[in-house]
Amino acid sequence: MDLVVPAVQGVTVTGTVPYPWPWTGVLDPGRTALVVAGADPWWIKRSQERAVVIGLIDEVAAGVRAAGGVVVHVHHGLTDAATSRPADREAPTIDRADLVVRAAGIDGFFGSALDTALRARGLDTLLLAGFGLEAPVHSTMRSANDQGYECLLITDACAPLDVACRDAAISIVTMSGGIFGAVGTSSALLDALRRVP
Amino acid sequence: MSQTETAPVSAGVVAAEPYNWPYDGTIDPTRTAMINIDWQTDFCGKGGYVDFMGYDLNLTRAGLEPTAAMLAVARAAGLFILHTREGHKPDLSDCPPNKLWRSKQMGAGIGDAGPCGRILVRGEPGWDIVPEVYPIEGEPIVDKPGKGAFYATDLDLLLRTRGITHIVLTGITTDVCVHTTMREANDRGYECLLLSDCTGATDHDNYLAALEMVKMQGGVFGAVAPSSALIKALEG
């Protein structure tokens with residue numbers, strides 16, 4: 001019997017560079033995780049614009065959860081003693097439904113359960129945000145991309161270590177047709193998540 | 001931080017930024033590797049992948065001559081020399097679908113026929129290393145499917161088995177494969193030095209920014225120096 005296959009009517013995020021993201025043309029929140037890299041005091045304190053970015057990450061995280069996606073907070077380093085200090089609680093909100101992983105490296109995948117946690121949940125589409133745009137966020141995005149994850153860097157939800165490096169950190173992602181994925185804004189992503197049927 | 005370039009250094013120490021390299025004393029050639037990243041026709045040769053995409057080859061070829069000179073000194077000094085190549089199996093079974101799709105959007109699809117054979121496919125002329133810095137007998141070549149030379153390869157095992165703790169990096173492109181590999185090496189505890197004149201990118205501003213990103217926060221991924229500083233440290 002011949003089946004009539006309907007044309008794919010997928011949602012993509014508006015205005016992403018260098019291509020409408022995700023590459024499949026279909027944003028599926030059930031396969032999507034927001035990965036907040038550098039989400040620990042060491043990186044947050046060294047990042048600029050952190051107050052604004054914490055607010056934006058909270059907004060994006062709420063949108064991702066509401067749409068059925070998963071939020072993962074990545075902490076780096078071997079001890080969490082620092083995070084237990086009350087003065088260090090300047091960080092994005094962690095919801096009960098979220099995952100928290102600790103990575104040995106600046107790359108959130110190195111020495112962590114991140115890849116296992118994502119694969120076990122069928123999450124292959126990643127939204128990258130966090131603190132230390134040039135370091136934890138970039139290293140984690142690079143590693144994710146090599147492993148086949150489809151990545152979007154949420155530019156305004158990333159706090160740079162040095163604002164002078166921000167444009168280059170974003171440009172590098174978009175070279176050669178999107179060498180590490182694509183870049184877009186938090187408002188466009190939230191809009192796309194609301195448009196998914 | 002430019003005073004570090006002219007600061008007097010002792011024998012075996014490289015005048016580097018943001019700190020004199022290595023952090024733990026002097027260079028021990030028996031524990032130091034020189035990794036030459038992706039000096040392939042596909043990234044710096046006429047008719048290769050980067051040329052096919054329309055980028056200026058002068059930018060990715062800029063570090064070729066200094067790297068050839070550095071290689072000769074490093075070989076004489078007894079460093080462990082390795083080379084990497086990015087490429088995929090002929091059936092592309094190790095190429096993630098989004099990577100393949102993006103390359104096709106650029107009109108230079110991985111696996112498509114180009115002037116130097118099938119683009120980024122192992123065994124094709126464009127995939128091999130250019131003659132200026134071609135490996136000599138005994139120098140391992142690590143074939144990698146991704147940007148990072150540690151991902152899905154035996155690079156870490158080769159380095160550990162040899163007792164390597166320090167890595168000097170050359171190659172292309174600075175902001176993509178070289179940076180990714182340096183980040184991986186740093187996470188794994190290797191003390192890294194990037195040679196600023198032995199690398200290049202498809203965009204000059206991104207090349208400069210990539211060097212800056214290494215030096216942030218006191219050397220978040222290691223240090224940066226011109227090859228002349230390493231040659232001076234090795235030859236005394």
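How much area do chain B and chain A bury between them, and what share of it lies on carbon and sulfur atoms? In this predicted model, the two chains bury about 2800 Å² between them, 61% of it on carbon and sulfur atoms. Buried area is the accessible area (1.4 Å probe) that two parts lose on being put together, summed over both. B:Trp101, B:Arg102 and B:Asp187 supply 22% of the area that chain B buries against chain A, more than any other three residues.

The model is predicted, and local features need pLDDT of at least 70, side-chain atom pairs count only at pLDDT 80 or more, and totals for chains, interfaces and linings use all residues. Residues are numbered from 1 along each chain as its sequence is written, chains are lettered from A in the order in which they are written, and side-chain values use heavy atoms, with hydrogens and water left out.

Contact (heavy atoms within 4.5 Å) involves 30 residues of chain B and 33 residues of chain A. Between the chains there are 18 residue pairs in polar contact, both residues at pLDDT 80 or more; a polar contact is a pair of N or O atoms within 3.5 Å, where within protein one must be able to donate a hydrogen and the other to accept it, and residues adjacent in sequence count only if both atoms are side-chain atoms. On the side of chain B that touches chain A, two or more residues each come from α6 (97-105), α8 (174-187) and α9 (204-219) of chain B. Of the elements, α8(B) gives the most, with 7 residues. Helices (H or I, at least four residues) and strands (E, at least two) are DSSP runs, numbered from the N terminus.

The count between chain B and chain A is 1 salt bridge, defined as a side-chain nitrogen of Lys or Arg within 4 Å of a carboxyl oxygen of Asp or Glu. The side chains of A:Glu150 and B:Arg102 meet in a salt bridge at 2.8 Å, N to O.

Chain A has 6 helices and 6 strands, in the order β-α-α-β-β-α-β-α-β-α-β-α from the N terminus on. Of its 197 residues, 56% count as buried, that is, under 20% relative accessible area (1.4 Å probe, protein chains only). In helix α6 (residues 186-195) of chain A, the buried residues include A:Ser186, A:Leu189 and A:Leu193. The buried residues of α6(A) pack against α2 (50-67), β4 (125-131), β5 (150-159) and β6 (182-184) of chain A.

Key: Buried < 20%, exposed > 50% of the residue type's maximum accessible area, 1.4 Å probe, protein only.
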